[in-house]
Amino acid sequence: MGKRQLQSVVEHMRKRLRSAKRICSCTSPPQPSRSSFSWYEEDVWTEIAKFLDGRSLIKLAVTSKWFQRVIMDDSIWKFVCLRDLQIPAPPQHVDFKWFNLYTSAFDWMRIGAFLLDSSVFLTEKLSPPPKIPNEDTVEKMLQSSGCCVLDNVKSGIWIADLQLVRCPVCELNTCDGTMQTLDARHIELFLYDGYQKGSWEYQLIGSHDVKERVAGASGAIFDVKNLKDISSCAVFNLNSWVGKINDLHPKAMITLHAVAVNTNLQENDGKENSK
Amino acid sequence: MSNQSESPNPTSSSNKITLKTSDNEVFEVEEAVAMKFCTVKQYFDDENNNNVTSGTSTTLIPLPNVESHPLAILITYCKKHLEIKANNADNKKEMEIDMEHYEREFLKNVMPQELTELILAANYLNFKEALDFFCRAVASAIQNKSVEYVRKFFGLESDFKPGEEEKLREEFAWSFEGVDED
């Protein structure tokens with residue numbers, strides 16, 4: 001499994017939404033089918049679908065009832081969803097249709113997807129080796145070391161987004177947001193009733209403020225069981241993905257079991273990093 | 001013969017295998033070419049295992065689901081594929097460039113309607129490289145094109161009742177933004 005390195009989060013997201021242009025294109029003018037055979041072969045379309053992006057699949061489905069039935073088959077959307085998230089099929093069962101997961105997964109500033117299947121390690125430090133704190137509560141861990149371990153995390157595919165959030169001080173409508181947040185959610189989250197109706201209760205697990213001057217703001221999420229994996233270690237190879245000192249664009253790194261972001265800060269900027 | 005390993009170079013293999021299509025045409029192909037068709041390879045291996053004791057080797061392989069027209073094209077494609085591979089055995093990048101060039105030229109001589117036959121044949125023969133190549137060709141022809149273009153491309157007519165298509169377009173509005181020009 002090669003590491004997936006992101007030069008720029010935004011650029012990468014755009015690339016992913018548009019499936020890569022392939023080597024060839026049939027530019028011959030459309031011609032009516034010969035009558036002796038037909039395109040109505042399900043097997044053919046199951047194969048072709050593997051090379052079409054989601055939006056092209058939908059347009060194909062809207063051409064006729066036959067295509068609607070064949071293309072909306074959920075096995076196609078499972079393939080496409082995992083393909084575009086660049087992740088292998090998780091062993092866990094999903095509670096929703098893959099089509100719905102696909103449509104709910106692709107309209108954010110996407111970093112990528114990763115797999116969790118144990119506890120999770122959150123940290124704001126990207127210097128190796130990762131040290132798991134030994135305090136007894138999450139709050140204490142966060143306060144003392146800026147990192148913590150969370151048990152009881154839903155396993156399966158997680159999606160990581162980088163979001164711009166307006167700062168709480170100025171609520172200008174013209175502002176797109178200046179606070180960067182690493183947002184991670186289970187792929188099924190948006191489809192749960194409780195989430196949609198807003199009936200769930202949420203809990204702030206803690207926060208960690210950095211008072212001293214720092215060169216950059218960063219944060220990472222690791223699957224504890226795979227913390228020592230070679231692929232996860234790639235996150236600590238900062239030279240390979242973090243921007244040069246003057247580059248203030250956010251950068252991200254995602255591997256099969258980890259995700260990290262870093263944004264270099266201008267001098268004199270304070271840093272606020274809450275989790 | 002049963003122990004002969006697969007050779008990547010068609011010129012070094014003198015063994016011929018005979019394939020018989022559904023329209024009763026007979027093709028004699030080099031073993032290296034035939035072995036790229038996994039369905040044929042499977043059949044061939046099974047036959048050989050069964051014939052070890054008797055010492056005979058019948059290499060006529062029936063292909064009841066493949067017609068001669070797509071098979072001929074697949075054989076040409078496969079031969080070239082092996083040739084390019086053999087010529088660039090130690091340079092993967094060169095090989096990819098040659099392959100890309102060949103595939104681009106190849107598509108110029110293939111009608112869009114032929115692609116479905118080729119995909120079905122490649123699928124049946126379990127010839128992975130060709131299957132991916134043809135599917136990619138169809139996909140890139142309609143990637144992000146309008147519904148009308150796709151219909152015209154495949155010679156389709158809408159069979160939705162009035163209002164049904166509009167409803168679908170509304171439901172999936174996200175996929176109708178920024179369509180490429182025909």
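Q: Is B:Tyr77 buried or exposed?
A: This is a predicted model, in which local features need pLDDT of at least 70, side-chain atom pairs count only at pLDDT 80 or more, totals for chains, interfaces and linings use all residues, and side-chain values use heavy atoms, with hydrogens and water left out. Residues are numbered from 1 along each chain as its sequence is written, while chains are lettered from A and ligands numbered from 1 in the order in which they are written. B:Tyr77 belongs to helix H3 (residues 68-87) of chain B; helices (H or I, at least four residues) and strands (E, at least two) are DSSP runs, numbered from the N terminus. Buried means under 20% relative accessible area, exposed over 50% and partly exposed in between (1.4 Å probe, protein chains only), so B:Tyr77, with a relative accessible area of 0%, is buried.

Q: Which helix gives the largest share of the side of chain B that touches chain A?
A: The contact takes 54 residues from chain B and 43 residues from chain A. On the chain B side, helices H4 (92-108), H5 (112-125), H6 (128-142), H7 (147-154) and H8 (164-171) each supply at least two residues. The largest share, 11 residues, comes from H6(B).

Q: What area is buried between chain B and chain A?
A: The size of an interface is often given as the accessible area lost when the parts come together. Here buried area is the accessible area (1.4 Å probe) that two parts lose on being put together, summed over both. Carbon and sulfur atoms give 68% of the area between chain B and chain A, which is about 4400 Å².

Q: Which residue of chain B makes a polar contact with the side chain of A:Lys59?
A: A:Lys59 is found in helix H3 (residues 54-61) of chain A. A:Lys59 is buried yet has no salt bridge, and the nearest side chain of opposite charge, A:Asp53, is 6.4 Å away; a salt bridge needs a side-chain nitrogen of Lys or Arg within 4 Å of a carboxyl oxygen of Asp or Glu, and Lys and Arg count as positive, Asp and Glu as negative, with His and the chain ends not counted. Among the residues that A:Lys59 touches are B:Lys145, B:Val147 and B:Phe176. The polar contact, at 2.7 Å, joins its side chain to that of B:Asn144.

Q: Which backbone oxygen does the side chain of A:Trp158 reach?
A: A:Trp158 lies in strand S5 (residues 156-165) of chain A and counts as buried because its relative accessibility is 15%. Its contacts outside four places in sequence include A:Phe114, A:Leu116, A:His186 and A:Ile187. At 2.7 Å, its side chain reaches the backbone oxygen of A:Lys154.

Methods: Contact = heavy atoms within 4.5 Å. Polar contact = N/O pair within 3.5 Å; in protein donor to acceptor, adjacent residues only side chain to side chain.
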